[in-house]
Amino acid sequence: NRPEEMNMSQSNVTERVSLAARGMIIGLVGFLLATVAETYAGDNPRTRVIYNLDCTEFFMGTFGPIMPETIDKWVDHHAALGVTDLFINGNAQRTNYRTAVWEAYWDGYDPSLGTDQPFFAGIAPGRIDGPAASESRMFIAMRNLHLGGCDYMQRMLQRARHNKIGAWVSMRMNDGHHGSLPEHPSHSAIWKSNPEWRLPYGLDYEQPEVREHHLKLVRELCERYDIDGIELDFLRFWLYFRPGREHHGSQLMLDFMQQARAATRAAEQRLGHPVKLAVRVPGVPWIARRHGLDAAAWGKAGLVDLIIAGAWWTSSNSDLPIETWKGL
């Protein structure tokens with residue numbers, strides 16, 4: 001064949017393969033949605049589909065223009081697909097809404113200086129300006145949404161209520177992003193000013209100030225929003241104590257969980273409806289306990305309503321020991 005005929009032939013094959021692949025994907029999605037619909041038709045109270053949205057993805061523009069109406073459309077779409085509970089994450093080391101107890105992501109940013117300013121100095125080269133400028137745009141987008149009068153967390157939760165699905169907040173308990181970039185703008189003041197408390201990821205929870213810092217945000221989320229529950233995400237990231245101190249840390253974490261439960265109880269009194277407490281922990285019970293996160297003990301003590309066992313974000317585990325968790 002002549003080269004142009006060979007190219008045309010290859011193109012036809014590629015198109016057929018692409019169409020076949022799309023057909024398989026559409027068929028799989030249809031099967032899954034049909035299965036979910038069939039399950040709901042049976043009114044099975046044990047079936048739940050939880051969507052956990054992290055604190056930055058919306059502000060990358062992934063879902064469309066960064067405006068309140070996009071939030072509404074996004075929640076409506078996922079509710080229609082069968083999501084039963086929406087878990088909205090509002091923080092890493094800073095918050096994506098204007099908080100009274102922590103710094104917001106954009107605190108320190110000067111809009112008159114553009115992206116060439118000290119606030120962005122700690123971002124890796126190539127991620128401030130140009131095609132890869134996702135990080136600098138993210139900080140600016142959060143600020144602009146706030147200045148436009150939109151509380152991101154509240155808007156997400158209200159739209160979940162509108163769709164009659166679970167309205168939850170999710171809190172990262174020891175975020176450790178950008179540890180190798182000490183001047184990165186996402187770092188909190190407590191992280192920057194206390195290098196002696198830093199672990200490979202996050203801060204040392206043996207320090208009372210670190211625990212109280214995180215409890216402040218737990219309490220604010222429970223006091224500020226109309227929520228069905230709060231998830232304490234101990235899995236992203238999962239280090240809380242220095243090596244050899246995890247056993248001592250288990251008791252500190254038990255006390256921490258008692259205070260978190262007190263915050264949800266106070267929210268129940270304020271709102272007049274149940275406010276659940278969930279925890280996300282490493283997938284194997286004894287690995288969780290080894291890090292000071294004895295979620296089985298928290299369950300026995302009646303401190304948590306839901307344990308979400310999973311793998312860390314760069315890995316997956318399709319064989320979690322659910323029976324072991326239930327047995328414990």
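The legends below accompany several close-up views of a predicted model.

**View 1**
Six strands form an open sheet in the order S1-S2-S3-S4-S5-S6, with parallel pairing. Strands S1 and S6 (306-310) are the edge strands, each pairing on one side only. From one strand to the next, the twist averages 20°. Helix H6 (residues 208-224) lies across S3 and strand S4 (229-233), and H6 runs at about 165° to S3.

**View 1. Strand S2 and its two partners.**
Strand S1 (residues 50-53) and S2 run parallel and are joined by 4 bridges. Within this pairing, tyrosine 51 has leucine 86 of S2 as its bridge partner, and leucine 53 stands opposite isoleucine 88. S2 also pairs with strand S3 (residues 166-172), in the parallel sense and over 5 bridges.

**View 2. Helix H2 between strands S1 and S2.**
A right-handed β-α-β unit is made by S1, helix H2 (residues 68-80) and S2. H2 has 13 residues and reaches 19 Å from its first C-alpha to its last, which is close to the 18 Å expected at 1.5 Å a residue. Its buried residues are Thr70, Ile71, Asp72, Trp74, Val75, His78 and Ala79. These buried residues pack against S1, S2 and helix H4 (152-162). After H2 comes glycine 82, with a positive phi near 115°.

Isoleucine 71 is found in helix H2. Its relative accessibility is 0%, below the 20% limit for a buried residue, so isoleucine 71 counts as buried. When residues up to four places away in sequence are not counted, isoleucine 71 touches Phe58, Cys150, Tyr152, Arg155 and Met156. One of these residues, arginine 155, is 84 residues from isoleucine 71 in sequence, yet their C-alpha atoms are 7.2 Å apart in space.

**View 3. The largest nonpolar core.**
The largest nonpolar core has 73 residues. Those with the most contacts inside this core are Tyr152, Leu232, Phe234, Met257 and Trp298. Helix H7 (residues 246-271) gives the most to the core, with 7 residues. Phenylalanine 234, leaving aside its neighbours within four places in sequence, is in contact with Met173, Tyr240, Met253, Phe256, Met257, Val279, Arg280, Val281, Leu293 and Trp298.

Leucine 293 is placed in the loop between helix H8 (285-290) and helix H9 (295-300). Apart from neighbours within four places in sequence, leucine 293 is in contact with Phe234, Trp238, Tyr240, Met253, Val281, Pro282, Ala288 and Trp298. A separation of 8.4 Å lies between the C-alpha atoms of leucine 293 and glycine 249, which are 44 residues apart along the chain.

**View 4. A cis peptide bond in a loop.**
The peptide bond from arginine 236 to phenylalanine 237 is cis, with omega near 5°. Phenylalanine 237 has its place in the loop between S4 and H7.

Lysine 164 is not a glycine, although its phi is positive, about 60°. This lysine is in the loop between H4 and S3. With a relative accessible area of 76%, lysine 164 is exposed. Histidine 178, also a residue other than glycine, has a positive phi near 60°. Histidine 178 lies in the loop between S3 and helix H5 (189-193). This histidine is partly exposed, with a relative accessible area of 23%.

Note on methods:
Residues are numbered from 1 along each chain as its sequence is written. This is a predicted model: local features need pLDDT of at least 70, side-chain atom pairs count only at pLDDT 80 or more; totals for chains, interfaces and linings use all residues. Side-chain values use heavy atoms; hydrogens and water are left out. Two strands pair if DSSP finds at least two bridges between them. Helices (H or I, at least four residues) and strands (E, at least two) are DSSP runs, numbered from the N terminus. A crossover is right-handed if, with the strands pointing away from the viewer, the path from the first strand over the helix to the second runs clockwise. A nonpolar core is a set of buried Ala, Val, Leu, Ile, Met, Phe, Trp, Tyr and Cys residues joined through side-chain atoms within 4.5 Å. Buried means under 20% relative accessible area, exposed over 50%, partly exposed in between (1.4 Å probe, protein chains only). Contact means heavy atoms within 4.5 Å. Axes are lines fitted to C-alpha atoms, for helices over the stretch in contact, and angles run from 0 to 180 degrees between N-to-C directions. The expected span of a helix is 1.5 Å times one less than its number of residues.
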